[in-house]
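Here's a quick briefing to get you started. Have a look at the model first, and then we'll go through its salt bridges and one of its sheets.

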Number of protein chains: 2
Amino acid sequence: MSEIIRSLQRDLNDFGDDLHLIGSERLGNRHPGEHRGNFGAGAAAEPATPEAAAAVVRWCLEHRVPIVPQGGRTGLVGGGISRPGELILSTARLNRIEAIDPLARTVTVGAGVTLQALQEATAEVGLVPGIDLAARGSATIGGMIATNAGGILAFRNGVMRHQVLGIEAVMPDGTLFSDLTRVLKVSAGPDIKQLLIGSEGAYGFVTRAVLKLESFNPMRATALVGVRDATSALALIAHFRAQPALQLEGAELMWQRYLRDSAADKGFDVDWLEGDAPAILLMEVSAGSEAEARDALEEGLAALWEEQGLSSGIVAASLEQARRFWALREDSDFMYRHFPAAPSFDISVPPGALDGYVADLRSRLKTVDASFDAYVYGHIADGNLHISVIGDGVAGAAFKEPIEDAVYSGVADLGGSFSAEHGVGTEKRRAYLAYGNPARRAVSQAIKAALDPNNLFNPGKVPYGAD
Amino acid sequence: MSEIIRSLQRDLNDFGDDLHLIGSERLGNRHPGEHRGNFGAGAAAEPATPEAAAAVVRWCLEHRVPIVPQGGRTGLVGGGISRPGELILSTARLNRIEAIDPLARTVTVGAGVTLQALQEATAEVGLVPGIDLAARGSATIGGMIATNAGGILAFRNGVMRHQVLGIEAVMPDGTLFSDLTRVLKVSAGPDIKQLLIGSEGAYGFVTRAVLKLESFNPMRATALVGVRDATSALALIAHFRAQPALQLEGAELMWQRYLRDSAADKGFDVDWLEGDAPAILLMEVSAGSEAEARDALEEGLAALWEEQGLSSGIVAASLEQARRFWALREDSDFMYRHFPAAPSFDISVPPGALDGYVADLRSRLKTVDASFDAYVYGHIADGNLHISVIGDGVAGAAFKEPIEDAVYSGVADLGGSFSAEHGVGTEKRRAYLAYGNPARRAVSQAIKAALDPNNLFNPGKVPYGAD
C-alpha cells in the first residue's frame, strides 16, 4: 500500500465510510477503463460526500500531492491518466440522484451518476436529459461536465454546457464552491461555474450538478438513407427541421467504408443499399404518433429523392430494427479489431464545409501514405466528425505527426475545432498547442496560475504550460 | 472638450474614420439611454474596427484611464454608468452583420448590432436568433452578451450564453482575444469566452460574436387566459409542451393588477375577463398551419378548463390582435407614469415555487408598509419574475433596504437568483453583496485581479471588491 494511502488513512479517518481509500492491490482488480494508464497512480480516494472530497483536496494541498479526477474512465483522450505520486480522486460514490423537479424540468445529481442511470430515473416522469451519447452506460455526469460532452442531440439541445444550471465543486484551494442554482436565468455577475465545464479538472473537482431536462416523445420513425454527400444529407435534415409537426431526434452520417465494415461486423444485411452511395444517413424523427412519424419520413424522402440524388433508403419496421440501425453507428469497436491502434480523431467544422473537408482529408492522407484511408462518421447536423485513420502501419511513430497534420489542417480556419466533444487530455496535447486557439490558451494559463498556483489539479493535461 | 479626448485625438489619429472620439458637447446632444448617469464621463470612443478598439484600450492602460463599455444604453441596472475621468467605449460602430450561414444556422455579427436588426436580417433566410426580448429595438448583441440576456424564448432555447458560439473581445491587457468558432461542439480546453458572457464588461470588451440561429414558424395562435395561479399556468404550459405537433412560442404571466392597469393604459377592453382571475397567462403556440395552432390552443384550453380552474380566455382573431396582447405584457412604461421611481426587480425561482414566493412577497411588503403592493409579471416557464413595488412613498430612501429584503428573502434558498436577466450594474450592488453567491464572488475577484490588475474595466460594477 502506498505511502499516500497510509497517510490519508491516518489523517482523515474521521470520515469513516464517507471516504474510501484504495491502494494499488485493490485497484489492480478493477478495470482501468479506456486507458491502461488511468490507474498509474496506484492510489485512489472515493469520497461519498462533497465535504470528504474537500478534505482530501486540502490534504493534498498540504502535502503537495497532485490530484487526478476520474469519473467513468471512459474518456478517449487520456484525461484521467495518473502517475505514481499522484492521487486519483474518483466520483464513483457521489452517485445519488437527489431530486427531480418535473415542473421546473430539472434534476440535482451527484457527479458520479452515469448518464444511463439518469436517463432511467428521469424517464419515470416522462423527461430526459437533453444530451445523449453512445457511452451512456459508463460516462458520468461529472466527466461529461469536465469534457463539455456533446453527443447525438447537441444539434437541437446544445452541448453539456447548455444542460448545466448549477455546479458544486471542490476548488484547487480546497474550498467547496457551491452554486447549485435550479433556474435557467441567472445574470448575477461572472458565472464562475462555466470555468469548470470543459476544463477537464484543471480548475476543480465537480461533486454535484443541477441539469435541465427535456420532453421525450417515443412516437418515432427511423431510416437509413443512401446520400451522395454531406450536403445532400444536410438538405434532408433542413427539410425535416423546418416541419413544425415533427421533431428531428437524430441525424448521423456514416461514410460508406464505415457503414459497410460496421454492417459486416454485425451481420447486418445491406442488400437494400443500392448502387454506390458515398454516405449513409441515419435519421430519426418523432411526431404525434408512430404512423405520423413514419409517413412524414417516407413522404419527405420521396419529395427530395431526385433533387438530392438519394440512391436507396429503408425505414425501420420495428423498434428492434431501429435499434440495429443505431448499433451500426454506435458500436464502433470493430474498427479497432480490424485496425488496432488506428489513430482516432474528433473534429468539428461548420456543416457546409463537411464535404470539402472530407475530400481534402482523404487526399492529404494519401499524400502521407498511399495506403491510408479513413473511417469517417459522426453527428452531421452539428458538423462533428469522428475519424479513424487506417492503412499499413498507420500506428507507427513516424506517421503520428503527419497524420495529425492531415486531420487538423484548415479546421481552425474553417471556424471549427480540433476537438469537438472528447476533450484534450494527454492524447491531444500536441494538437492543443499546434492547432488550438492561442488566445484561449494564454488566458487559460493565467487563470490556472491564479486558481491553482501549485498546479495540483490534473497536472500534465490542459491548460498545459504550467508544467 | 476633455483632456482625455484631446490626448486620444493626438495619440491615435492614425485610425482616421475607424475611430470617432466624442466629447461632452456632442454627447450632450444624444439620448443617454435608460440612466442619466450613462454619459457622466463626458468622453466616448467609438471604434469601427476591433483593432481600433484594442488601441483605445492600450492607450487607457498606459494612461490609467478606466473604461466603461456601452452598447444600446438600455440596461436597467446602471451597468453603463460612467464618471468624469473615465472613457466610454461604445460598440455603436461595430454594427455590421458580417455573414449568415443558413446551413450551419449561424451568424457572425458586430457587437453593436441591435437584436431587431439581426432579427430582420436572419428572417430573410427563414431563421431567427434563439433569443427575443421587449427591448429588441435598442438592445445590442454586445450588451446582451455582457448581461447574459434572457427574454421570452429562454424556456425553450436557453439564455444568451446558449446562443453564443464564438466571441472576439479586447481583453484588459489590450490584446485582441479571438475565438470566433462557428461550431457548436468545442471541447478544446477551458472555454475562456464564457467569462465574457454575463460579466458586464469586467473581463473585456466584446467586439464580435458568432450566434446560433433557430427555425421560425409564423403559423401561430395567441391567447389570453385567466388562471387561478402560477401553478395552473404551468399545468397549461406543460400540456402544450408535451404535444409533439405543437411548439410553445411564448408563455408570459401577468398578475391581475399589472394586467388591469396595463390594459387601462392602452384602452384595451377587458370585458371578456370574467370574475376575479388572479393572474392572466399570455400564451402563443405554433403548428403546421394557423388553423391547427388555433384549434390546438382552443382544444387544450377546453380540456383543462375545469381541472385548472380557468375563468376566462380569448384567442386572438388576427395578427393585429395578437400584437395588442403582447403589448399588454411588453409595454410596461405605464407603471412608471403611475409610480415614478417605483423600485423594480428581476428575480428567478424554480417555477414550482412561484406561487409561494409571490404570496410571501406580498405579505413581506405589507409588513414594510401597509400601502405597499407590487406589479408582478414575467417569463413564467423559466420562473423569471419582474416586480415593481408600488405604494405611498415607495421610492423613499428609508424603504430602500426593507423593500430589497422583502423581494430577495429566500430566493437563493429556493435555488433562484436575485438577478435573472438584467444584470447587477450599480443598482444591484447591495443585492450582489448581500444575496449573491459568495463562492462566485470570491473566485470572480481572484480572476479579476489576474486579468485586470489595475481594475480599469468597468470599475465600480461587478465583481466589486476590487474597488
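Which residue forms a salt bridge with Lys400(B)? The partner is Glu404(B), with the closest N and O atoms 2.8 Å apart. A salt bridge here is a side-chain nitrogen of Lys or Arg within 4 Å of a carboxyl oxygen of Asp or Glu.

Keep in mind that this is a predicted model, where local features need pLDDT of at least 70, side-chain atom pairs count only at pLDDT 80 or more, and totals for chains, interfaces and linings use all residues. Residues are numbered from 1 along each chain as its sequence is written, chains are lettered from A and ligands numbered from 1 in the order in which they are written, and side-chain values use heavy atoms, with hydrogens and water left out.

- Glu404(B) and Lys400(B) sit four residues apart in helix α15 (residues 397-408) of chain B, so about one helical turn separates them. (Helices are DSSP runs of H or I with at least four residues, strands are E runs of at least two, and both are numbered from the N terminus.)
- Glu404(B) is buried at 6% relative accessible area, while Lys400(B) is partly exposed at 47%. (Buried means under 20%, exposed over 50%, and partly exposed in between, using a 1.4 Å probe and protein chains only.)
- Arg430(B) also forms a salt bridge with Glu404(B), with the closest N and O atoms 2.7 Å apart.
- Arg430(B) lies in helix α16 (residues 429-435) of chain B and Glu404(B) in α15, so this pair ties together parts that are 26 residues apart in sequence.

**Other salt bridges**
- Searching the whole structure turns up 66 salt bridges over all chains.
- Lys448(B) and Asp452(B) meet in one at 2.9 Å, N to O; Lys448(B) is buried at 2%, and Asp452(B) is buried at 3%.
- A network of salt bridges links Arg161(A), Arg440(A), Asp179(B), Asp191(B) and Lys193(B).

**A sheet in chain B**
- Four strands make an open, mixed sheet in the order β1-β2-β4-β3. (Two strands pair if DSSP finds at least two bridges between them.)
- β1 (19-23) and β3 (67-70) stand at the edges with a single partner strand each, so one side of each has no neighbour in the sheet.
- Strands β2 (residues 43-47) and β4 (residues 87-90) of chain B pair in the parallel sense over two bridges, and Ala45(B) stands opposite Leu89(B) in β4(B).
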